[in-house]
Amino acid sequence: MNFKKGIRNFSVTGKLKLTNNTFNIDKQKEGSNYIYSNANLVLDYGQGNVFCNLVGGHFITGNNILYALGTKEEDGKVKTDYQKQIKVPYEQRFDDSILKTISLESFTVFNIEKDADGKLISKKFLSKEDAVKYLQATLVDGMILNISGDISFRVDEQGKTLFTLNIKRIYLNERENPVLHADFTMTVITDKDSYDSTEGVDENGMVEMNCFVTEYMKEYRGVEKSIVPLPFKFYFDTKVSENWKKIINEYFRPRNKYLAETTIEGSIKSVGNTQTVSLDDVTEDVRQLVEFGLISPEELAKIATNNNSLVQMMVFNRPRVIIQDGKMSILNNKEKYEESEFDFSNMKSETPKEKAKTEPKTAVKTDEALFAELFGN
């Protein structure tokens, strides 16, 4: 298997909504040797809520090591050295002599507080556990925040792939009229069967696109400790572009006997989960409202829809365009992998088709082993 992790990051600007469940500090699961703290930040980005997560901790006994990347000088600039791994003992995580040798990429960075002159103070944390506790002491309900980070994927007990937005950077947004948004950039793999034309357009004008996202898994369907493709879905909003069929054919249909890889830019959108209501399923007093002409069956369906949580979708905007060797190019390869490299028939979801949703109730850590220890598989 020769799959590699692709690009997966997000950027959100929204209004912070603190709740009693936003923070868990120094929690220990029964029977576990691990103490963790987590933040589950809820941001209203104008089209619903988005959930951003941060979790970290340490073992009560034994050695605790934080892993970081070093730096190198290249063309007179200090850059991240991805070949240089630095192991930092947990007790030395605030040692400036060590921290100055570590790439900024290995830190969680916040610009939330202000100094006496009204300028934002930059704080960086090597340990996510310390970062969570700082946020608890600093954040105020209603703040407008810019949050960015990476996206990780995991599989729930029903075999559905869920995505999690992992916090790397938070900045206070003080613009008078900030533009609220929830955007992502994500590399996806598609095969010849990714678009099913029989599915059609749903009630929200969305077209479902089956794809695969790559993630490191300790074990997945007989494959151990490897980067594997997980079944996932993103969507096309047909109300935005009438050329969506041409777009699918141009960027997501691989050449014969190949798999295509495309890096897409998109938005996280929340749409109503439209319900159908039968008069046989409602109470007598509600049925009388319809019989008296005080409300229509369509209005009842609207009420039922609003009573359900919104469905969050990863919606395609465009393929990513980059400048490479002085020329613009699209991150799209219709011959990225040969079909024979992996039997995708074994990877297809065995559960009924469902729209991908965020999982706001569970704090997630990218370390799969630790996640399993704390929260179960």
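Leaving aside its neighbours within four places in sequence, which residues is Phe234 in contact with? They are Val188, Val207, Glu208, Met209, Cys211, Phe252, Ile264, Met314 and Phe316. Contact here means heavy atoms within 4.5 Å.

This is a predicted model, in which local features need pLDDT of at least 70, side-chain atom pairs count only at pLDDT 80 or more, and totals for chains, interfaces and linings use all residues. Residues are numbered from 1 along each chain as its sequence is written, and side-chain values use heavy atoms, with hydrogens and water left out.

**The chain overall**

The protein chain has 6 helices and 18 strands. These are DSSP runs numbered from the N terminus (helices H or I, at least four residues; strands E, at least two). Of its 377 residues, 45% count as buried. Buried means under 20% relative accessible area, exposed over 50%, and partly exposed in between (1.4 Å probe, protein chains only). Among contacts with a separation of 6 or more, 69% come from residues 24 or more positions apart.

**Cores**

A nonpolar core is a set of buried Ala, Val, Leu, Ile, Met, Phe, Trp, Tyr and Cys residues joined through side-chain atoms within 4.5 Å. The largest one holds 56 residues. Leu41, Phe110, Leu135, Phe234, Phe236 and Phe252 touch the most other members. Apart from it lies another core, of 11 residues, including Ala68, Ile86, Ile102 and Val109.

**Aromatic pairs**

The whole structure contains 13 aromatic pairs. Rings of Phe, Tyr and Trp (its six-membered ring) pair if their centres lie within 6.5 Å; planes under 30 degrees apart count as stacked, over 60 as edge-to-face and the rest as tilted. Two of the pairs are tabulated.

| Pair | Centre to centre | Angle between planes | Class |
|---|---|---|---|
| Phe3 and Tyr337 | 4.7 Å | 50° | tilted |
| Phe234 and Phe252 | 5.4 Å | 50° | tilted |

Phe3 lies in the segment before strand E1 (8–16), and Tyr337 in strand E18 (residues 332–338). The pair links parts of the chain 334 residues apart. Phe3 is buried at 6% relative accessible area, and Tyr337 is buried at 3%.

Phe234 sits in strand E13 (residues 223–237), and Phe252 in the loop between helix H3 (244–251) and strand E14 (258–271), so their pair ties together parts 18 residues apart in sequence. Phe234 is buried at 0% relative accessibility. Phe252 is buried at 1%. Phe234, Phe236, Phe252 and Phe316 form one aromatic cluster.

**Charges over rings**

A charge sits over a ring if NZ of Lys or CZ of Arg is within 6 Å of the ring centre and within 35 degrees of the ring normal. The charged end of Lys124 sits over the ring of Phe107, 4.5 Å from its centre. Lys336 lies over the face of Tyr337, 5.8 Å from the ring centre.
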